[in-house]
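Have the sequence and the 3D view open side by side as you read.

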Amino acid sequence: MPDLLFSLAGDGPLRGEVESAARQFRNVTYLGWLERGEVLKQIDRHDALLLPSLFETFGTVALEA
């Protein structure tokens with residue numbers, strides 16, 4: 001989806017793949033692990049939020065959003 005901009009935050013076992021995608025695609029930015037205050041700022045800067053987690057059914061990010 002080259003017409004959309006993606007920002008990915010967090011850390012985990014797929015970090016290397018995310019970093020690789022951020023280098024490969026101009027519309028992907030990897031933000032890394034963010035402190036709570038910065039997460040809130042990033043949520044405010046974006047139009048949509050996806051929470052693809054296998055471990056959290058309704059994480060705190062959804063509440064913050």
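Two residues are in contact when heavy atoms of theirs lie within 4.5 Å. With that in hand, the contacts of this predicted model can be read by sequence separation: among contacts between residues at least 6 apart in sequence, 20% join residues at least 24 apart.

**Overall layout**

The protein has three helices and two strands, and along the sequence they follow the pattern β-α-β-α-α. Of the 65 residues in the protein, 15% are buried. The protein exposes about 5800 Å², with carbon and sulfur atoms supplying 58% of that area.

**Two residues to look up**

| Residue | Element | Relative accessible area |
|---|---|---|
| Gln42 | helix α2 (residues 36–45) | 13% |
| Phe6 | strand β1 (residues 6–9) | 31% |

Is Gln42 buried or exposed? Gln42 counts as buried because its relative accessibility is 13%, and the cut-off for buried is under 20%. Setting aside residues up to four places away in sequence, Gln42 touches Leu31 and Leu34.

Phe6, in strand β1, is partly exposed because its relative accessible area is 31%, a value that falls between the cut-offs of 20% and 50%.

How values were computed. Residues numbered from 1 in each chain as written. Predicted model: local features only at pLDDT ≥ 70, side-chain atom pairs only at ≥ 80, totals over all residues. Heavy atoms only, no water. Helix = DSSP H or I, 4+ residues; strand = E, 2+ residues; numbered from the N terminus. Buried < 20%, exposed > 50% of the residue type's maximum accessible area, 1.4 Å probe, protein only. Areas by Shrake-Rupley, 256 points an atom, 1.4 Å probe, with all protein chains shown as cover.
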